[in-house]
Amino acid sequence: MENLTRLKKLSLTIILGTGFKASLYAQTVANTKSNIGTWLILCLLTAIVLLTLIVAYRLSIKTNEVRKTARKAENDTENNRFKKYLNTLDSKQIETFLKIKNNKPKNVFSYKSIKSICILFLITFLSTINNNLVFAQPTTTPASLLSEWGIIITIVLIFIPVFAGIIFMLVKITSFFKKYQKLQDTHEAKQFAEYLNNPLDAEVETTLLKRKKALDYTLTHNELAGNLTADDDKGLLQQVNTHASLPFVSLKKKALGRYAVEPDLAKLILWFIGTATFWLVLGTSVGEYLGIKFVAPDVDHVSWLSFGRLRPVHTNMVFWGWASLGMLGLGHYVVPKVGNTPLASLKMGWYTLYFVNASVIFGTISLMAGINNGGGEYREYIWPIALLLAIGLVLTLINFIKTIANRTTKEIYISNWYIVAATIFAIVITLVAYLPFWQNGLGETIVQGYYMHQGVGMWFMMFTLGIVYYFLPQQLNKPIYSYSLGILAFWAQIIFYTLIGTHHFVFSAIPWWLQTIAIVGSTGMLIPVAAGSTNFILTFKGAWYKVPSSYTLPFFLVGIIFYFTGSLQGTAEAFKSTNLIWHFTDFTVAHSHIAMYGIICFFIWAGIYAVVPRLTGKEAPQVTVGAHFWLALIGLLFYSVPLMYGSTLKGLMWVEGEKPFIESVVFMAPYWLWRAIGGSLMWLSHLFFAYNFYKMLSGSNVNNVNEMAIQNLNKFYASADTTL
Amino acid sequence: MEFFNNHKTLFLTAFLLFLVLTIFVCIQPAIKNQNNNAPLPNAIALSDDAVKGKAIFIKEGCVACHTQQVRNVDMDKVWGSRPSIAADYAANLRTDIWRNTATLMGTERTGPDLTNIGLRQPSQAWHLTHLFNPRIVVKESIMPSYKWLFNAKELVLKTDVIVNVPEEYLAGETGKVIATDDALYLVAYLQSLQQTKLPDGTPEPDFLYKKPLTTNSNQNPSNPNLDGAALYVTHCQACHQADGEGLKGAFPPLKGSKIVLDNNPELMVDIIMNGYAGRVKEGYAVMAAVGTNNNLTANQVAAIMNHEKTSWGNNSLKVTPTQVQKLMDFVKIKSKPQ
């Protein structure tokens, strides 16, 4: 023991000594000259110091351990120790012991620990010598030589054995302690064996036998179930999988059967979602083609397919065609449902569907023909076409408010706050954007900033939030975490979001006070976003286990995560300093995709996968739902992350201003290629989604076979009746 | 709360709150800016052709990639001599009964800003070739080709504007490429895009976030070691090309050019500062006063000239900034009508 403590102290001194020397040397070097050579050597020295410190630390821990066990062994009486061991013997060991107790095995333990101690000394000694040699050399080297590559390489080469030496020392120390530990244990084992063997104590034997019996006890496995065969007379077992095989993808829970939705309403909702799906596939095909044009600008020379005309086709089609129709479809389910009353007018619902679809059809054709409103983003449809959309919105608003007026609940559930407010705001925004009284000169730009951001925040975002406030608690089968937080987010969203439009024109000719308000409002968005996302995430509390076994919840989860990150990214983009770098670059494009795709689309998909099985009684294959989810998520990341990275560098290039503009175009090429790749994955996921929707409409599954059998029987009896 | 259990009060409150904020942050400032700004006194109104050209610009969605705003930040200095102000957009009125006002400020700068393109690149020949297929003149460009603004004709009328297109870009079509009226209107619009000088005595708004010019920066005109190659890419390459060969029948080569190789730099400085129409008869386009239009300093001009004089196998005497400065002063007087 004494030996060991001394050994420890000795090695610690050696190690610390070398470390100190090294750091001293490093300082002198750093003072003399700073070039690559010195930096390299500094790094190497730091590495050595770190390594030796690690060795020292390990050594001290190990010695402490050994000392502790040694002290314990001294303090504990032999009997106590052995009784402890007795209790830890397992059944097999006891059996063996009882079998062989008449034999008297004689084990002689001998080990020369001296040997390992010698090795340890030798190593430490050698390494010190080695260190001394090494440090002696570079200090005699003139500092100017450190810039010579030959010298640097030589020094590096010299350092290699030092490293090797230290590592060897580490290994040796560890193995020494292991051996020491083993020695102790063997000794202990020998004593214990003697204790067990010597007196042939009857007491020991009975204890062991009792212990063995206890250890060998097993349950009969039918203590609770009894011996009767299973009979589920209460119908508790559902969704029994009778042909279990090795699953290729994890099996998720099936949608729970709920009370039927009126078939007429179901039809309307399915038409909304169906047309939305159509526009999603078409709109993103256009987007995909646009992404390709960044990489291959000469892919076609057709005026109707040129970039400038197709870009608004893409944005408007996915905005009004896909997202709006999808949201309206889900809204027509949620609004009556949470009011516990039928939809006020199915007819109005159908007219909404016609008007919005007509607007997208005519809008698309007119944009491709080159007829647009004047270049303001997302209001490229000329007013007669936008009017169709607005009529659809007005009809929806009347319909929803009438439905809510008929509600049988006292309160208006928060979903309906969001959904109806979104519809009101969308109408206001459209009017502000299209009425001609304030659109001349810079007025147009101020309206444009207001319009393009309110469209996203007050229409898409608010409506979708309303949908989430209904479907998320419903899918988790528990109430929303905090109703009040939802209300706080509602008013905060209105107050702050309305102000932020002009942040699209920071540093432009728009008045400074307006720009400042926009930036402040963008920061204020922290409140509704934090309130909303916290509320959603906390609703998951205690129900996280449901996520892996559900195929709708992952969509919600991704949507919530992007709601938080995407919205706060918007806040970060609004600051003046970030505007310098990111404005006018593809960063905006990446951000808008994170927002419109990561948040809005994922929420809509989650809602669709939740509601359509309830309307049709059929579910999509889980494999293709999984494919849709992962392709969309990975595609979005491939799309947005390279674009953000590349455009940041591009922005910095512009700020620096040393290079011609065209070089920033050339620079973006690889990132645009990544965008096209990510876009392709997203597009592929939409094909899966369309297939899933088709399967939910007309797929066949086991439930259906049952249904058909019953129907056949019905028919059979009916025909039997008539023939009789 | 009872107040919010009534759908009328709830939605009316939300609507009014939104409306008030909308008026405060959008309608009121929009009206104010619309009514309180007028075009600058010396601003030139768009010609009839340019108005038609602007319609083409809107129709083709050019605003998707090209901004028309010089922000008041230092990095935007390359796009204009002063930040854009509200008055610059005041002349934009409602297009017609169907279409809204188009200030065309834009939100994406995938391509260059066009606020000052009429000054930076005034050549009609260049714009037409560029519109036919941008890659003819800028190899790395990803701008779409606007082929449908052109016709291929065997019989050329005297009034037709012929566009110079190398054979590999014709895609098998024969005959001469003729610019349609739409193409000419569009170019007229682009040529009209120039920043208006503020009336005398009006202080120009400042560019913010000025960065200290390091002595070896290419943006620092007094840096004696300017990168002539980079300046050439920015100011000359679009016409004279990276290989100095120019474009056959449109832009003359600098490689082996008599004027470039001439050890007396006077004519070369004259051309850079005042433009050139001396070889129009050979089919070459009129060259704009690139140096004057872009406010190039003697240092910058010397760097460009030395790059041209020593590249692509050219080998003639280099010029010094002082020499160029003298000549610049000289040709400036010469260019002024007496």
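Trainee: How many aromatic pairs turn up over all chains?
Mentor: A search of the whole structure, which is a predicted model, gives 58 aromatic pairs.

Trainee: Let's take Tyr333(A) and Phe471(A). Why does that pair count as stacked?
Mentor: The ring centres are 6.1 Å apart and the planes sit at 15°, so Tyr333(A) and Phe471(A) are stacked. Planes under 30 degrees apart get that label.

Trainee: And where in chain A do the two residues sit?
Mentor: Tyr333(A) is in helix H9, residues 307-339, and Phe471(A) is in helix H13, residues 442-476.

Trainee: OK, on to Phe555(A) and Trp605(A). What kind of aromatic pair do they form?
Mentor: Edge-to-face: 6.3 Å from centre to centre, with 65° between the planes.

Trainee: Which helices does that pair tie together?
Mentor: Phe555(A) lies in helix H17 (residues 553-574) of chain A and Trp605(A) in helix H19 (residues 587-616), so parts 50 residues apart in sequence are tied together. Both Phe555(A) and Trp605(A) are buried.

Trainee: Which residues do ring pairs link into a cluster with those two?
Mentor: Besides Phe555(A) and Trp605(A), the cluster takes in Trp322(A), Tyr551(A), Tyr597(A), Phe602(A), Tyr609(A), Phe629(A), Trp630(A) and Phe689(A).

Trainee: Switching to charges: what lies over the face of Phe294(A)?
Mentor: That would be Arg675(A), 4.2 Å from the ring centre.

Trainee: Now Phe192(A). Where is that one found?
Mentor: In helix H6 of chain A, which covers residues 149-197. Phe192(A) has 12% relative accessibility, so it counts as buried, the cut-off being under 20%.

Trainee: What does Phe192(A) touch, leaving out residues up to four places away in sequence?
Mentor: Phe82(A), Tyr85(A) and Leu86(A). Take Leu86(A): it is 106 residues from Phe192(A) in sequence, yet their C-alpha atoms are 9.2 Å apart in space.

Trainee: Let's finish with chain B. How many helices and strands does it have?
Mentor: Chain B has 13 helices and three strands. Of its 338 residues, 51% are buried.

Trainee: What share of chain B's contacts between residues at least 6 apart join residues at least 24 apart?
Mentor: That share is 65%.

Key:
Residues numbered from 1 in each chain as written. Chains lettered and ligands numbered in written order. Predicted model: local features only at pLDDT ≥ 70, side-chain atom pairs only at ≥ 80, totals over all residues. Heavy atoms only, no water. Helix = DSSP H or I, 4+ residues; strand = E, 2+ residues; numbered from the N terminus. Buried < 20%, exposed > 50% of the residue type's maximum accessible area, 1.4 Å probe, protein only. Contact = heavy atoms within 4.5 Å. Phe/Tyr/Trp six-rings, centres within 6.5 Å; stacked < 30°, edge-to-face > 60°. Lys NZ or Arg CZ within 6 Å of the ring centre and 35° of its normal.
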